[in-house]
Amino acid sequence: MLALAALSHALRLRLARRILVAAVRTTVQLLLIGLVLKVLFSHVHLGWVSLMALIMLAIAGREVMARQHRRFSGGWGYALGTFSMFLSSFAVTVLALTVIVGPEPWYRPQYAIPLLGMLLGNTMTSVALSLDRLTEGAWQQRTAIEARLTLGHDWSQAIAHVRRESVRTGVIPIINAMAAAGVVSLPGMMTGQILAGAPPMEAVRYQVLIMFLVSSGSGFGAVGAVWLGSRRLFDKRQRLRLDRLH
Amino acid sequence: MHLWPQEEDQGSGSRLRAENIRSHGLGPVDLSLDRSECVCVSGPSGAGKTLLLRALADLDPHEGEVLLDGKPLDAFAGPEWRRQVGLLPPESAWWDDRVGAHFPQEDKELLPALALPPEIMGWSIARLSSGERQRLALIRLLANRPRVLLLDEPTANLDPASVERVEALLSRYRQQTGTAILWVSHDPAQIARVASRHLRLHGGRLVEAQP
């Protein structure tokens, strides 16, 4: 990192300070997380794990909102993203822990936190992309949506074309990631396990499991967020209410 | 010539009644349309004609009461109201590349009345001229057989021959089905041709126009 900063200085890129600040931040943040995890792992209790999970969810929810160009006003933007991530990520994580991985107890933090982290990280991206596409699409195509309303279509039919595009936008990156896995780069979790000395075939099995879990979790998250978001765009008379967006 | 099924109740009487309509600076506006009546509305740009039509079609939240054949708006579900009270905006919008996708029954009976070829159902929207789009949008709306038509400058982009065809079609539709029409127009000659009453919207209020 020091070498990179020095190079930046030599090339007059003016990035040296940002590189060094980022390096320090990464180190500090990860050290802190390491400490938190150390404490969490030594006190195995559903309450603490749940608290950690909810904090992770809250931060993910904020990230989703920050990435939207047009947001739902009045806290709905935060609520929609967070709720869909909660439903999809938590459901898939609990399923994975209880049925597939099966540690004792099922909420053992060594398994629960990393699994949830991976799920939230990827679901966050899918939900952010699809909600952004939904609100942007609804805005750009408002005359077409209202044209359908004037022809007596209900809210779901009227926004159907925008909804489809939005879910596709959220799900396609995951499909691409699955296609590239193992061929373009070794996924992170597998890398970690191999570095720790696990046999490659064992690591691969876990990686496949993770990719399927993450893909389905993200997919469900995107579908849920788009459905809830598109419902929010219409009022009880099924009128398009773009005034509900900033 | 296409014939629409006649309405059962042939009596005259109020088809659409609006009371104390307010919406985004428009109003209060009162309005009444009888069966088979055609009323024109004109007014300066920005007076609120489009707002009025959108409020009557329940596209915008608004205050006031609107009744269709005596039944209040709230007694209908949103989509059901909008099927009965059909709004035609000045610019049509299309959500699929193919024309036919917008017509559930691909009903071709009205096409000749507006000088449109039957093959038009298979065309792509991009291929249509603005006049063709406008005429198709009207046919698309009439497929629902609305009881009230709210027309926002329906002939603005049309050549004189097409204007005549549209006016003739609407007149026939109105007389055969008892539909009431509220027609926004800037053309005094057209207003004289099609309307039995002429209202002016000015400063958010609706008044009878001076002849």
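**Figure 1. Strands E3 and E8 of chain B run parallel in this predicted model**. Strand E3 (residues 38–42) of chain B is joined to strand E8(B) by four bridges. One of the bridged pairs is B:Cys38 with B:Ile181 in E8(B). Strands of a sheet pair through backbone hydrogen bonds, either parallel or antiparallel.

**Figure 2. Strand E8 of chain B pairs with strand E7 of chain B in the parallel sense**. Five bridges link E7(B), residues 148–152, to E8(B). B:Leu150 has B:Leu182 of E8(B) as its bridge partner. Between E7(B) and E8(B) the chain passes through helix H4 (residues 160–177) of chain B, and this β-α-β crossover is right-handed.

**Figure 3. Strand E8 of chain B is largely enclosed**. The strand covers residues 180–184, and five of the five are buried, so E8(B) is largely enclosed by the rest of the structure. In a regular strand the side chains alternate between the two faces of the sheet. Which residues of E8(B) point one way, and which the other way? B:Ala180, B:Leu182 and B:Val184 point one way, while B:Ile181 and B:Trp183 point the other way. The residues on both sides are buried.

**Figure 4. Six strands of chain B form an open sheet with mixed pairing**. The strand order is E6-E7-E8-E3-E9-E10. E6 and strand E10 (205–208) of chain B stand at the edges with a single partner strand each, so one side of each has no neighbour in the sheet. From one strand to the next, the twist averages 20°.

**Figure 5. Four strands of chain B form an open antiparallel sheet**. Their order is E2-E1-E4-E5. Strand E2 (26–34) and strand E5 (71–72) of chain B are the edge strands, and each pairs on one side only. Strand E4 (residues 63–68) of chain B is paired with E5(B) through two bridges, in the antiparallel sense. In this pair, B:Leu68 stands opposite B:Lys71 in E5(B).

**Figure 6. Strands E1 and E2 of chain B form a hairpin**. The two strands run antiparallel and are joined by six bridges. B:Ser14 stands opposite B:Asp34 in E2(B). Two residues lie between the strands, and B:His24 in the turn has a positive phi of about 50°.

**Figure 7. Helix H1 of chain B lies across strands E1, E2 and E4 of chain B**. The helix spans residues 49–56 and runs at about 120° to E1(B), which covers residues 14–23. Is H1(B) largely enclosed by the rest of the structure or largely open? Seven of the eight residues of H1(B) are buried, so the helix is largely enclosed. The buried residues are B:Lys49, B:Leu51, B:Leu52, B:Leu53, B:Arg54, B:Ala55 and B:Leu56. After the helix comes B:Asp58, whose phi is positive, near 60°.

**Figure 8. Chain B is in contact with chain A**. How many residues of chain B are in contact with chain A? The contact involves 19 residues of chain B and 15 residues of chain A. On the side of chain B that touches chain A, helix H2 (78–84), strand E6 (85–88) and helix H3 (130–142) of chain B each give two or more residues. The largest share, four residues, comes from H2(B). By class, this side of chain B has nine nonpolar, four polar and six charged residues.

**Figure 9. Chain A has 10 helices and zero strands**. From the N terminus on, the elements run α-α-α-α-α-α-α-α-α-α. Chain A is divided into domain 1, residues 1–42, and domain 2, residues 45–244. The centres of these two domains of chain A, taken over C-alpha atoms, are 28 Å apart. Along the principal axes, the C-alpha atoms of chain A fill a box of roughly 65 × 55 × 35 Å. Of the 246 residues in chain A, 36% are buried. Among the contacts in chain A with a separation of 6 or more, 72% are between residues 24 or more positions apart.

Technical notes: Residues numbered from 1 in each chain as written. Chains lettered and ligands numbered in written order. Predicted model: local features only at pLDDT ≥ 70, side-chain atom pairs only at ≥ 80, totals over all residues. Pairing = 2+ DSSP bridges. Contact = placed C-beta atoms within 7 Å. Axes fitted to C-alpha atoms, helices over the stretch in contact; angles between N-to-C directions. Domains from an automatic or database assignment. Buried ≥ 20, exposed ≤ 12 C-beta atoms within 10 Å, placed from the backbone. Right-handed = clockwise from strand over helix to strand, strands pointing away. Nonpolar A, V, L, I, M, F, W, Y, C, P; charged D, E, K, R; others polar.
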